Amino acid sequence: MVLARVILKPGHDRPVRRHHPWIFSGAIARIEGSVEDGDIVDVWSAEREWLARGYLNRRSQIVVRLLTWDAEERIDDAFWARRLERALAARARLGLASVTDAYRLVFAESDWIPGLVIDRYGDFLVVQSLTLGIERRKELLVRLLAERCRPAGIYERSDIDVREKEGLPPSEGLLWGTEPPDRIVIHEYGHRFRVDVRHGQKTGFYLDQRENRRRAAAYLAGARVLNAFSYTGAFAVYALAASARHVVNLDTSADALAEAEANLALNGFSAAEQLEGDAFRVLRHLRAAGRRFDAVILDPPKFAFAQAHLERASRGYKDINLQALHLIESGGVLVTFSCSGLVSPDLFQKIVFAAAEDARREVQILERLGHPADHPIRLSFPEGEYLKGLICRVW
Ligand code: SAH
């Protein structure tokens with residue numbers, strides 16, 4: 001079968017040759033042949049050399065997402081089965097079974113399956129289909145997943161904004177098997193967490209913070225801990241399990257705080273102090289009230305969604321870090337994160353430094369934190385790296 005051809009403008013072939021998976025509209029000279037959005041296309045250089053093959057969506061800024069750089073490789077059912085198998089087999093080799101029953105099975109572009117995220121929560125799989133190219137093949141992918149993983153059910157949580165850029169409406173609900181219960185109880189490093197895959201944030205739980213929660217816990221024995229941006233209290237459970245003296249959960253979401261209470265109880269801990277409110281304000285109130293902590297955890301949501309917001313986002317990160325530093329006893333610990341991909345680890349460190357200068361505190365980095373192995377970073381797709389964190393000693 002002859003595929004339609006996407007011909008690049010001169011000089012736009014280099015990222016493709018380096019296996020970067022995105023072709024932006026600005027790189028394309030023209031499209032030859034009749035083709036529908038969602039179809040497979042071949043990508044050719046201006047000099048008429050075959051480069052790669054992927055799926056098309058002219059409604060998106062990213063017009064082609066590349067799937068293979070092998071001219072012989074056909075994008076048929078067997079292709080998708082092979083790609084899924086590769087991601088699943090790589091997870092099996094991580095030895096996560098003794099650690100957790102909740103982890104990411106497929107991380108989209110970073111696993112060479114652009115637009116598809118699959119998380120496992122116990123016996124259930126939660127799927128995010130982020131692009132038209134995946135949407136068109138969802139049935140096939142769900143069938144392959146059901147055959148390979150034999151889950152109790154496969155649930156979809158494609159309710160995120162990025163679908164709009166692909167011209168897709170939100171989509172949510174059961175795709176296969178049985179409905180998940182109201183709360184799935186997952187296990188992580190011996191702790192248990194209730195996950196609401198229908199209404200929870202992301203696909204229900206911040207799986208990407210698993211290893212970082214464990215690292216942070218190593219510094220929290222005996223500490224009075226402020227867990228800011230707590231969501232359902234996962235850091236709080238780790239902190240109390242590590243013998244923290246007192247934990248305060250802070251979040252804008254009353255529902256998240258209620259779940260945090262339930263998670264503490266599930267793990268045998270009595271209620272923590274709960275503060276519902278905007279961290280930007282509450283951190284100031286805590287300082288005004290003379291509260292001090294031995295450790296502050298800052299795990300805010302994404303602040304920077306586009307390059308144009310980077311400066312504002314940086315000010316936001318600086319402000320919460322500054323406020324947190326004011327609350328920490330000398331010799332205490334700051335555990336601080338950014339999940340904005342646009343904020344590089346280097347920039348993030350500079351932001352924390354600027355906050356330390358303003359707070360007139362000396363700060364040492366004890367540990368640099370990043371992605372867990374089930375959220376791999378593909379060298380040819382650095383955009384896949386978003387999470388970074390620092391564990392700091394504050395004097
Ligand atoms: N640390 C959590 C994940 C945090 S997600 C974990 O390990 O599971 C970010 C959280 O910040 C969300 O629960 C969101 O409700 C909360 N949030 C967003 N903006 C906020 C603000 N201005 N002040 C306080 N909490 C906020």
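Okay, let's start at the ligand, with D299: an N or O atom in the D299 side chain sits 2.6 Å from a nitrogen atom of the ligand. Before I go on, please keep in mind that what you have on screen is a predicted model.

So how much of the ligand's area does the protein cover? Taken on its own, the ligand has 580 Å² of accessible area, and the protein covers 90% of that.

Have a look at Q201, where a polar side-chain atom is 3.2 Å from an oxygen atom of the ligand. Then there's F229, and here the backbone is involved: one of the F229 backbone N or O atoms lies 3.4 Å from a ligand nitrogen atom.

Now let's zoom out to the whole shell. There are 16 residues around the ligand, and the ones that come nearest are R213, D251, D278, A279 and D299. If you sort the shell by class, you get seven nonpolar residues, five polar ones and four charged ones.

The one I'll take now is an open sheet with five strands, in the order β7-β8-β9-β10-β11, and the pairing is mixed. Why do β7 and β11 each have a side without a neighbour? Because β7, residues 102-107, and β11, residues 171-177, stand at the edges with a single partner strand each, one side of each is left without a neighbour in the sheet. On average, and ignoring direction, neighbouring strands in this sheet are turned by 20° against each other.

Strand β10, residues 153-158, runs antiparallel to β11, and six bridges join the two.

Which strands are at the edges?

Last stop is β3 and its partner. Strand β1, residues 4-8, is joined to β3 by four bridges, and the two run antiparallel. Within that pairing, V6 stands opposite I31 of β3.

That's my tour, thanks.

Terms used:
Residues are numbered from 1 along each chain as its sequence is written. This is a predicted model: local features need pLDDT of at least 70, side-chain atom pairs count only at pLDDT 80 or more; totals for chains, interfaces and linings use all residues. Side-chain values use heavy atoms; hydrogens and water are left out. A residue is near a molecule or strand if one of its heavy atoms lies within 4 Å of it. A polar contact is a pair of N or O atoms within 3.5 Å; within protein, one must be able to donate a hydrogen and the other to accept it, and residues adjacent in sequence count only if both atoms are side-chain atoms. Accessible areas come from the Shrake-Rupley method with a 1.4 Å probe; for residues, only the protein chains shown count as cover. Ala, Val, Leu, Ile, Met, Phe, Trp, Tyr, Cys and Pro count as nonpolar, Asp, Glu, Lys and Arg as charged, and the others, Gly among them, as polar. Two strands pair if DSSP finds at least two bridges between them. Axes are lines fitted to C-alpha atoms, for helices over the stretch in contact, and angles run from 0 to 180 degrees between N-to-C directions.
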